[in-house]
Amino acid sequence: MKPVLLLDVVGLTSTALAHMPRLRQLAASGWQSELATVLPAVTCSVQATMTTGLSPSQHGIVGNGWYFRELGDVYLWRQHARLVEGEKLWEAARRARREYSSANVCWWYAMGMSTDVTVTPRPIYHADGRKSPDAYVRPPALHDDLVGRFGEFPLFTYWGPTADISSSRWIVDATRHVLRTHAPDLTMAYVPHLDYDLQRFGPTSPQADAAAAELDATLAPLLDDAANQGVTVLVVSEYGIADADRPVHLNRILRREGLLEVYVQDGKEQLDPWTSRAFAVADHQVAHVYLGDQHDPALQRRVTDLLRGIPGVDEVLDREAQARYGLDHERSGDLVVVAEPGAWFTYYFWLDDARAPEYARGVDIHRKPGYDPAELFFDPADKLAKAKAGLNLVKKKVGLRYAMSTVPLDASYVKGSHGRLPDSSADTPLVLCSDGEVPASVAGVVESGSGQVPAAAIKGLVLELQGLGVRV
């Protein structure tokens with residue numbers, strides 16, 4: 001049985017690949033195709049589709065986060081594996097080969113995952129409120145082994161204004177070590193580097209080209225290791241990032257219409273999902289809109305008409321329309337809104353920046369009720385933002401609490417986004433494979449060059465590459 005490295009190079013498109021000679025070499029020795037992603041084209045939804053072979057309506061991951069109705073709170077970037085419904089790729093493989101071994105390095109929903117090896121970011125939340133970088137690692141002895149070799153997981157370069165190649169380099173080093181020491185039948189690794197400058201500056205910027213070349217050089221030793229160890233490499237991407245410079249503030253519009261409510265603490269406004277008649281959980285170019293009364297047709301008509309009239313909105317999907325995209329799950333919004341090309345949705349719900357919640361100016365992915373790409377920037381309007389960040393790091397090192405208030409509240413700095421289905425081949429994700437023999441399941445697509453490999457086919461494709469005749 002062939003071991004497989006399932007490598008998620010998020011944001012990989014033909015545009016990026018033009019600056020990645022090592023990945024082009026891999027594709028030239030094997031094959032490549034475009035990948036048909038899912039709506040929403042965001043990390044958690046696409047990864048869950050690839051590992052289960054199911055649509056979001058079946059596996060339940062309707063975005064990077066959603067409104068947990070039973071809790072009355074919005075949560076993004078939850079980590080527990082049991083949120084993903086359906087049989088996973090490695091679980092299906094074990095039905096055919098009981099001793100099948102698997103490793104996951106930074107694919108999402110990793111905590112409690114049934115892989116034999118698991119590595120995923122997990123900060124230490126200290127009792128005094130400080131946060132320190134760390135990772136959740138199984139087996140436990142591997143944690144100290146990785147930290148001893150490569151240092152602590154570089155959390156603050158994994159996301160935020162200081163995000164850079166360091167985090168992807170650590171992930172690559174950890175993956176190489178797992179391949180050497182554990183030799184899994186399946187190794188999954190996720191490298192996030194193309195997410196950063198492509199959102200900061202746009203996918204056709206010089207910075208985007210440089211990021212692609214830098215990541216390619218970082219991946220080269222891992223790809224060489226795989227070749228030397230006889231490991232088939234299957235490279236996937238979840239989405240392509242497209243130019244986007246029109247932020248759309250859905251929640252502010254809902255608030256002005258009297259549909260969204262807030263409450264006040266310490267002079268700052270907080271979203272009140274319990275009493276709001278409508279609010280949006282923004283996730284790049286897709287937003288889930290939840291209604292206070294799901295059974296009020298007049299409210300749904302009113303909100304639908306309102307949303308359809310907003311500049312920058314392309315589609316408003318009710319449950320019937322969501323079903324056409326495989327998104328009609330109970331976790332989905334009562335309405336799902338898709339942005340026009342070039343537009344994206346903010347989570348902002350306050351009308352006066354002086355009343356914005358404290359977390360708005362920080363990197364706080366678990367408290368914000370929506371995705372915030374402005375976290376990739378030090379506030380350009382605050383010339384002391386970097387100096388403040390440096391001072392806060394000094395406070396951290398001496399054990400003092402601090403608030404990292406450096407993120408701008410101006411969404412116009414963002415130049416790239418994703419989430420809607422691709423509009424052109426330039427923002428369509430790719431799948432590459434090092435194996436020169438094209439599997440039968442995708443031969444028609446690859447050889448004709450006229451189709452796309454569905455994201456839901458990746459699970460079966462891996463099993464086929466490994467010669468495991470498992471029904472999925």
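The radius of gyration is taken here over C-alpha atoms, and the globule rule is 2.2 Å times the number of residues to the power 0.38. With 472 residues, a compact globule would by this rule have a radius of gyration near 23 Å, and the protein agrees with that because its own value is 22 Å. This is a predicted model, in which local features need pLDDT of at least 70 and side-chain atom pairs count only at pLDDT 80 or more, while totals for chains, interfaces and linings use all residues. Residues are numbered from 1 along each chain as its sequence is written, and side-chain values use heavy atoms, with hydrogens and water left out.

The protein holds 15 helices and 23 strands, which are DSSP runs numbered from the N terminus (helices H or I, at least four residues; strands E, at least two). Some overall values follow.

| Property of the protein | Value |
|---|---|
| C-alpha span along the principal axes | about 60 × 55 × 40 Å |
| Accessible surface (Shrake-Rupley method, 1.4 Å probe) | about 18,300 Å² |
| Share of that surface belonging to carbon and sulfur atoms | 50% |

Among contacts (heavy atoms within 4.5 Å) between residues at least 6 apart in sequence, 72% join residues at least 24 apart.

Buried residues (under 20% relative accessible area, 1.4 Å probe, protein chains only) make up 58% of the 472 residues. Helix 3, residues 43–52, is mostly covered, with 10 of its 10 residues buried; among them are Cys44, Val46, Gln47 and Met50. After helix 3 comes Gly53, whose phi is positive, near 75°.

Definitions and conventions: Buried < 20%, exposed > 50% of the residue type's maximum accessible area, 1.4 Å probe, protein only.
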